[in-house]
Amino acid sequence: MVIHESAEDYLESILILQEQRGEVHSIDIVNRLGYSKPSVSIAMKKLRENGYISMAPDGAITLNDSGLEIASRVYTRHKVLTELFVRLGVSGEQAAEDACRVEHDLSQETFARIQEFVQQKTL
């Protein structure tokens, strides 16, 4: 199944918020991404219908295995690319912003070489 960039961003945000807070609700995603409550509600419904997330009766959002796999992949790309851009002299804020744009579009082959390069330079 093809997943759109916006869905990847939502899943990545849920993962980050889970790491920071433990429990995630739609309002946390609204605050993090700056989207409207209705937009986030629609997105959460689609993610739930596609099996990427589960929602508890109290509204707590949990990543299912497929959602966690995607979120982890995107977040790893984000972190590695941010690190690369910072090492190239880009400010941390700009590096993170640019990484967010690039993380979805790189081939796996190119990303693997970037990841190897960044890991070699940390040793």
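These notebook entries record what I looked up in a predicted model of one protein chain.

**Entry 1. Conventions and confidence**

I number residues from 1 along each chain as its sequence is written, and side-chain values use heavy atoms, with hydrogens and water left out. Because the model is predicted, local features need pLDDT of at least 70 and side-chain atom pairs count only at pLDDT 80 or more, whereas totals for chains, interfaces and linings use all residues.

I looked up the confidence first. The chain averages a pLDDT (the predictor's confidence in each residue, from 0 to 100) of 92, and 96% of the residues score at least 70. Confidence is lowest in helix α6, residues 108–122, with a mean of 88. It is highest in strand β2, residues 61–63, at 97.

**Entry 2. Fold and overall dimensions**

I counted six helices and two strands. These elements are DSSP runs numbered from the N terminus, helices being H or I of at least four residues and strands E of at least two. Their order from the N terminus is α-α-α-β-β-α-α-α.

The radius of gyration, taken over C-alpha atoms, is 15 Å, close to the 14 Å that the globule rule gives for 123 residues, so the chain is as compact as a globular protein of that length. The rule is 2.2 Å times the number of residues to the power 0.38. Along its principal axes the C-alpha trace spans about 45 × 30 × 25 Å.

I then turned to contacts, meaning heavy atoms within 4.5 Å. Among those between residues at least 6 apart in sequence, 57% join residues at least 24 apart.

**Entry 3. Burial and surface**

Of the 123 residues, 38% count as buried. Buried means under 20% relative accessible area, exposed over 50%, and partly exposed in between, with a 1.4 Å probe and protein chains only. The chain exposes about 7,300 Å², of which carbon and sulfur atoms supply 51%; the areas come from the Shrake-Rupley method with a 1.4 Å probe, and for residues only the protein chains shown count as cover.

**Entry 4. Nonpolar cores**

I searched for nonpolar cores, each a set of buried Ala, Val, Leu, Ile, Met, Phe, Trp, Tyr and Cys residues joined through side-chain atoms within 4.5 Å. The largest has 23 residues, and Leu11, Ile29, Met44, Leu47 and Ile53 touch the most other members. Helices α1, α2 (26–33), α3 (37–49) and α4 (65–87), together with strand β2, each supply at least two residues of this core. The largest share, seven residues, comes from α1. A second, separate core of nine residues includes Leu84, Phe85, Ala95 and Phe111.

Not counting residues up to four places away in sequence, isoleucine 53 touches Leu11, Ile14, Met44, Leu47, Arg48, Ile61, Thr62, Leu63 and Asn64. Isoleucine 61 lies in strand β2 and is buried at 2% relative accessibility. Beyond four places in sequence, the contacts of isoleucine 61 include Ile14, Val24, Ile29, Met44 and Ile53. Isoleucine 61 and isoleucine 14 are 47 residues apart in sequence and 7.8 Å apart in space, C-alpha to C-alpha.

**Entry 5. Salt bridges**

Side chains of opposite charge can pair when their charged atoms come close. I took a salt bridge as a side-chain nitrogen of Lys or Arg within 4 Å of a carboxyl oxygen of Asp or Glu, and the search of the whole structure finds seven.

Arginine 73 pairs with glutamate 8, the closest N and O atoms being 3.1 Å apart. This pair links distant parts of the chain, helix α4 and helix α1, 65 residues apart. Arginine 73 is partly exposed at 35%, whereas glutamate 8 is buried at 7%. Glutamate 8 sits in helix α1, residues 5–21. Leaving aside neighbours within four places in sequence, glutamate 8 is in contact with Ile3, Ile70, Arg73, Val74 and His104.

Glutamate 49 bridges to lysine 45 at 3.8 Å between the closest N and O atoms. The two are four residues apart in helix α3, and therefore separated by about one helical turn. Glutamate 49 is exposed at 55%; lysine 45 is partly exposed at 42%.

Arginine 101 and glutamate 97 meet at 2.9 Å, N to O. They are four residues apart in helix α5 (residues 92–102), so about one helical turn separates them. Arginine 101 is partly exposed at 47%, and glutamate 97 is partly exposed at 37%. Salt bridges that share partners join Glu97, Asp98 and Arg101 into one network.
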